[in-house]
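This report describes the fold of one chain and its contact with a second one. The model is shown below.

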Amino acid sequence: MSSTSPRIAVLTFPGSNDDRDALLALEGLGASGVPVWHADERLPDVAAVVLPGGFSYGDYLRCGAIARFSPAMKALAEFASEGGLVLGICNGFQILCEAGLLPGALRPNSSLAFICRDVVLRVESTDTPFTAACAAGQQLTIPIKHGEGAWFADADLLAEVEAKGQIVLRYTDNPNGSIGDVAAVCNERGNVMGLMPHPEHAVDPLLGSTDGALILGGLVEAAREASRTPASTAVG
Amino acid sequence: MKATVLVRPKPGILDPQGEAVESSLRQLGFSVAGARIGRVVDLEVDASNPDAARTEIERMCEQLLANPLIESYEIEIQA
């Protein structure tokens, strides 16, 4: 059994559209990408799961609100509760918030405009598997492309996640009205993270930046480590 | 039994849709001091009486129709 190429699932919902880019980026970083359809009730044997960007269920009701009822989401919640690594990108972040796996909610951008451009992020915490390859305070250039990316938490929740070190990335120049300039949050345990920017679109110099490879590469490394040890002790 | 659920952004939550509509109304010459945009869900539920319907719809709101972190809801049961 080789653990040199960790298996990472990419969960596709009806309306996901960055699933193939995520698979391509992960494979380029040394992972073995495993496509998983949302209707699957069980996750394959993988060391991590990525929820890709897109417009699951047409963003009906609220972004991510319907996708959380997909059969695979129950298995994902169990996987996460056992310490499994889960990364939600853009719509994946929205889904994780709606599913209660991450704190907060995503609201329409303050400008009401769909924003598609590179943004600069500051690494607030390197104490997560996703940012372990980054330096504290490091600035990353990664694109965003969303209409509803303003992370919201009320004052109490914001104070709580700040105190617990769950804010992982912040925008240096807030593009969307996100509370506290938050671009990425993780759960208390640190094994589940969501971010609005798209690291999978910043893994090749041809695309203008390779900073996304730091995030996804961190995930691949952590997945490689997790493949060697039982999931319950992989993170913590 | 028919019911209507009104879902609103909670006070203090930025509502850019409402702001855009407010500004457009002003451009039309209306004197508007505020506009907030929510959502209407018309429901037809199987319930024996209005109280039972309300209890059931409250659960729907908590679990799906509204996100309690950012939205409030109001339930109107049609007689």
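How many helices and strands make up the secondary structure of chain A?

## Fold of chain A

In this predicted model, chain A contains 6 helices and 11 strands. Its radius of gyration is 16 Å, close to the 18 Å given by the globule rule for 236 residues, so chain A is as compact as a globular protein of that length.

Among the 236 residues of chain A, 56% count as buried. Of the contacts in chain A with a separation of 6 or more, 75% come from residues 24 or more positions apart.

## Contact between chains A and B

The two chains touch through 11 residues of chain A and 9 residues of chain B. On the chain B side, helix H1 (residues 16–27) gives the most, with 3 residues. By residue class, the side of chain B that touches chain A holds 7 nonpolar and 2 polar residues, and no charged ones.

## Helix H1 of chain B

What distance does H1(B) reach from its first C-alpha to its last? The helix has 12 residues and reaches 17 Å, which is close to the 16 Å expected at 1.5 Å a residue. Just after H1(B) comes Gly29(B), whose phi is positive, at about 100 degrees.

Terms used: Residues numbered from 1 in each chain as written. Chains lettered and ligands numbered in written order. Predicted model: local features only at pLDDT ≥ 70, side-chain atom pairs only at ≥ 80, totals over all residues. Helix = DSSP H or I, 4+ residues; strand = E, 2+ residues; numbered from the N terminus. Rg over C-alpha atoms; globule rule 2.2 N^0.38 Å. Buried ≥ 20, exposed ≤ 12 C-beta atoms within 10 Å, placed from the backbone. Contact = placed C-beta atoms within 7 Å. Nonpolar A, V, L, I, M, F, W, Y, C, P; charged D, E, K, R; others polar. Expected span 1.5 Å × (residues − 1).
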